[in-house]
Amino acid sequence: MRKHFVFFRLRLYYIVFFAILSMNVPALGLTAMNNDTLVKRLREVSVTEKGTRKMKSTAPSYSVDFTKFESMGVTGVADALNRLPGVTLKDYGGAGGLKTVSVRGFGATHTNVLYDGVALSDCQNGEIDLSRYSLDNISSINLTIGDNDDIFVPARSASLAATLSLSTRSFSQHVDSTLLTARFRYGSFTTVSPYLKVGRSFSNGSSFDVSGEYLYGKNNYPFTIFNGKEITHTRRNNSQMNSGHVETNGTVKLGARTSLNGKLYYYDNNRHLPGPVVLYNETNNERIHDRNFFGHANLRSVVSSTVSVLANAKFNWAESRYSDRSGNYINGILRQNYFQRECYVSGTVLWMPVTSLALVYSADYIYNNLNSNLPGDCRPYRNSVLQTFTARYRVSRLTLTARGLLSIYKNGAKSGESVGNESKLSPSVSASYSILSDNSLTFRASYKNIFRMPTFNELYFDHLGSRTLKPESTEQFNAGLTYMIPTSGFISSLYITADGYYNNVNDKIVAIPYNLHMWRMLNLGKVASTGLDMTVASVLNVANGWQLIADGNYSFQNSVSRYDKESSDYGKQIAYTPVHSGSASLACENPFVNMVIHMTGASETFSTNNHVKGSSISGHVEAGVAVYRSIPTRKHHFELRFDLMNMFNKQYEIIARYPMPGRAWQATIKFTL
């Protein structure tokens, strides 16, 4: 009965969404925006920017767009993030392995993930699995560390230490056209993935599209176990997955100065969990079924030459059903089911009284709740109110930005005891100055103070959560240089960045064992991080029609515990954070067949904070190669691509006892109409 109700509710959401669009069909004939001054103002507050504006950013901001995915040899969203400095990717292996990102040692729960400008959420554990989103549907990926001068954003976008923004591809740039993209991919370990996107654009810039992707993977990749002198070759088992998602996007022009965007998204993943590798015991009978639906709407309007408004609304529903059929339980099967919901509304106003000054006020309201079938579940909920006031001053070579974030969290529970309420005012400031008159060399500096509320798992999880937890409080300091040589001839572009930083996290939440059978979450940690992030990108014109495209980054992270000098983990690198990491790619694009060689690497890490014997995870360098070819015709466009990943068959782990795949390949054919 419940299953039929859920599908009925999903159908109802789609009907409402299309009804809203249909009511605005008469507006499709209105004249598109053509005021040059107005367009210029919109670009000043755009979330993703390029060129000179990116050079003058007041805080570190790194972007990879779809034009770079092929030339960098990127195979997925998580792989693209692995090419950005300061990012530590957690990957449990295989096509269906959980993939989350930590920035500069803060942890994945400190990264705010936006999808087309609206935050993704998981109130249960606070981590967003990036493997759920298709690279084929992404136009750009942008990582901002701290707060920079892109100020026309909702308050929630400024509520964490780092912001990762995923923007989807739109058909709106095509005029009065029906477009179709179809892609099929097949690879090692019986990995099959078709993708289809179809859309319609209108003459005034309005558009609508539907896309879907299916992924099946047997994921039975081979790996090697080293136990002293004994070497065992085996395969991953219980790792099969069936995953799919469908997404619809609509943009309606409500006049020359107003646009309405809507999105509906549904995700379903029914997979086996391989579990950690334990010597001589490869049996695992765990399953998990994840489903997620969300819909959001975004209204953007230029009210006058000095005032713009932005409004967002979203509903999110997620379900996770876990089962363990190992037979080690009284009833034979352990079942843990979780359901979470979120309602979110936001309003933002931009006012530019003079050309050099921009002021923004934003207010967000968020309601979250979580319930499960666990014993003692108190059905917690949270009401959150976030407000920001931001000022940006820009003259000639100088940009100054200041922001205050007021966070209010009201917690409750429908049964049992809830945690206390929290509120805090968090400031941030940033600045950039172009040292040279041609803007080729820019200095930037920033500071941000922010705090993170504990997740529902950290607060309420059975035999683990603690209702007395305090929020984690963080501070970020950054200073850096950006350098761009606008050259011509052999070197058509050269872009270099270098940023040094110092961060600290107070009241770090850690799990501490009370005895062999019970752990508790406690505020026992303080982590201090110092580091350096560097990037370089260049395009070389070696001959007529031949280009070499080089990209690279390097990160140094010294993230250590600073809580108790007497503790065993004091002064030691925190778990799963490499001191050195980086990536590099070199692509040769030519009139025949394009080719790219790429590699990523990280130094040794530890699975525990106190670096006990046996917790070391060896460093690794993984290399790959890809060849690709675009075949345009008068009306159609074909793309052929072959990727060889981990071509030297490096055996390594990112998470302890979760081996990564060795050598693998995938072939892709893509058709665009």
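Start with Lys314: its charged end sits over the ring of Phe294, 4.7 Å from the ring centre. "Over a ring" means NZ of Lys or CZ of Arg within 6 Å of the ring centre and within 35 degrees of the ring normal. Arg156 does this too: its charged end sits over the ring of Tyr344, 5.0 Å from the centre.

Ground rules. This is a predicted model, where local features need pLDDT of at least 70, side-chain atom pairs count only at pLDDT 80 or more, and totals for chains, interfaces and linings use all residues. Residues are numbered from 1 along each chain as its sequence is written, and side-chain values use heavy atoms, with hydrogens and water left out.

Now ring pairs. Rings of Phe, Tyr and Trp (its six-membered ring) pair if their centres lie within 6.5 Å; planes under 30 degrees apart are stacked, over 60 edge-to-face, the rest tilted. That rule gives 15 aromatic pairs.

Take Tyr115 and Tyr265. Their centres are 6.3 Å apart and their planes at 80°, so this pair is edge-to-face. Tyr115 is in strand S4 (residues 111-115) and Tyr265 in strand S14 (residues 258-273), so the pair ties together parts 150 residues apart in sequence. Strands are DSSP runs of E, at least two residues; helices are H or I, at least four; both are numbered from the N terminus.

Buried or exposed, Tyr115 and Tyr265? Both are buried, meaning under 20% relative accessible area (1.4 Å probe, protein chains only).

Next, Phe456 and Tyr460: also edge-to-face, 5.9 Å centre to centre, 70° between planes. Both lie in helix H6 (residues 456-460), four residues apart, about one turn.

Last, back to Phe294. Together with Tyr115, Tyr133 and Tyr265, Phe294 forms one aromatic cluster.

How values were computed. Buried means under 20% relative accessible area, exposed over 50%, partly exposed in between (1.4 Å probe, protein chains only).
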